2 protein chains.
Amino acid sequence: MPDFAEPLARLITEFKRLPGIGQKSAQRLAFHVLRASRDDAEHLAQAVLDVKDKLGLCRVCNNISDSELCQYCSDPNRDGQVVCVVEEPHNIVGIETTRQFTGRYHVLHGALSPLRGIGPDALKIKGLVERIGQGEIQEVIVATNPTVEGEATAVYLARLLKPLGVKVTRIAMGIPVGSDIEFADEVTISKAMEGRREM
Amino acid sequence: MPDFAEPLARLITEFKRLPGIGQKSAQRLAFHVLRASRDDAEHLAQAVLDVKDKLGLCRVCNNISDSELCQYCSDPNRDGQVVCVVEEPHNIVGIETTRQFTGRYHVLHGALSPLRGIGPDALKIKGLVERIGQGEIQEVIVATNPTVEGEATAVYLARLLKPLGVKVTRIAMGIPVGSDIEFADEVTISKAMEGRREM
């Protein structure tokens with residue numbers, strides 16, 4: 001690699017640490033910042049710091065929030081009887097883009113992974129049990145990822161929560177819409193067969 | 001788009017202003033910063049500001065530099081008789097990766113574009129004429145981009161500099177190595193034919 005002036009090399013290195021940014025993209029981004037105004041650079045730098053300084057977790061559901069309650073927990077129009085459990089805050093983004101789900105959320109901040117030493121105590125499960133104890137929740141939709149860890153977490157939650165008298169459901173796994181069965185792996189296809197519905 | 005907490009929404013907006021970063025990438029980057037440590041966020045923010053605050057232009061060639069002379073102008077091992085003229089500082093990066101060129105550079109910071117009101121006075125051409133006036137330079141390689149603007153700039157430079165007694169050359173245009181003639185446009189092919197060499 002050619003030598004860059006030190007501050008430029010450092011910014012390229014910092015950009016390269018971000019996910020999906022390689023050497024070439026990092027260079028392009030760094031040169032863009034270099035050409036941008038001092039104001040624009042300041043806004044970017046400040047936004048990076050504010051995300052760390054001004055955001056915390058919602059007291060109820062552990063979603064990212066700039067106040068005590070996140071926008072979903074503080075919205076009186078959302079259905080408090082249905083709670084969707086996700087692994088990470090950004091999973092909520094995907095579910096919200098459908099505009100179909102009107103219930104509330106609960107963020108675990110991870111999934112069970114005995115191999116990496118992540119047990120139930122490392123996840124935010126206690127708060128979920130407490131919420132169910134308050135009696136309003138009727139159904140818990142487990143929307144953890146369809147991975148080994150996400151599945152293990154779903155099975156654990158079902159065993160834990162069903163005795164508390166709530167319905168526990170799991171999002172469907174199958175062939176993605178717009179895709180082709182030809183490209184689906186065998187586990188996905190067998191899940192799709194298993195989850196077939198009468199039409 | 002779903003609602004994000006304000007600092008997160010702002011960081012996503014800032015990332016989206018960078019070249020090649022769309023909504024999804026911006027979200028991924030912002031959530032990455034959110035998960036990273038306060039220290040990492042600070043390093044990124046500081047690097048963004050330092051690029052604006054600590055870098056200036058080389059007094060001789062207008063390359064980006066953190067001192068009065070850039071690394072190429074201050075390197076006594078580089079050949080001062082050959083100067084490669086480029087449009088932007090990042091063009092130097094591409095030429096340096098070849099490790100073939102051992103001369104010096106001159107950065108114009110743009111290309112002639114009458115349509116956008118960019119005339120010769122808006123480019124850093126005066127310094128190049130002064131450098132040639134000092135007598136050391138024998139050859140000027142014009143490595144502006146093979147676009148309408150870059151070509152116009154090359155023609156302008158050739159007319160301006162030849163009377164000063166230097167050799168003015170233009171980098172070759174043709175089929176990219178590893179590519180296929182089938183995929184080349186007709187202008188590129190005709191340039192490749194024009195520039196053919198005996199073998």
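Visitor: Which residue of chain A meets B:Arg17 in a salt bridge?

Guide: This is a predicted model, in which local features need pLDDT of at least 70 and side-chain atom pairs count only at pLDDT 80 or more, while totals for chains, interfaces and linings use all residues. Residues are numbered from 1 along each chain as its sequence is written, and side-chain values use heavy atoms, with hydrogens and water left out. A salt bridge requires a side-chain nitrogen of Lys or Arg within 4 Å of a carboxyl oxygen of Asp or Glu. With 3.4 Å from N to O, the side chain of B:Arg17 meets that of A:Asp40.

Visitor: How many salt bridges are counted between chain A and chain B?

Guide: Contact, meaning heavy atoms within 4.5 Å, involves 54 residues of chain A and 54 residues of chain B. Between chain A and chain B, the count of salt bridges is 6.

Visitor: In E5(A), which residue is the bridge partner of A:Val82?

Guide: Strands are DSSP runs of E with at least two residues, numbered from the N terminus, and two strands pair if DSSP finds at least two bridges between them. Strand E3 (residues 79-86) of chain A pairs with E5(A) in the parallel sense over 4 bridges. Within E5(A), the partner of A:Val82 is A:Glu139.

Visitor: Which residue in E6(A) does A:Glu139 stand opposite?

Guide: E5(A) is also joined by 4 bridges to strand E6 (residues 167-170) of chain A, and the two run parallel. In E6(A), the residue opposite A:Glu139 is A:Lys167.

Methods
Chains lettered and ligands numbered in written order.
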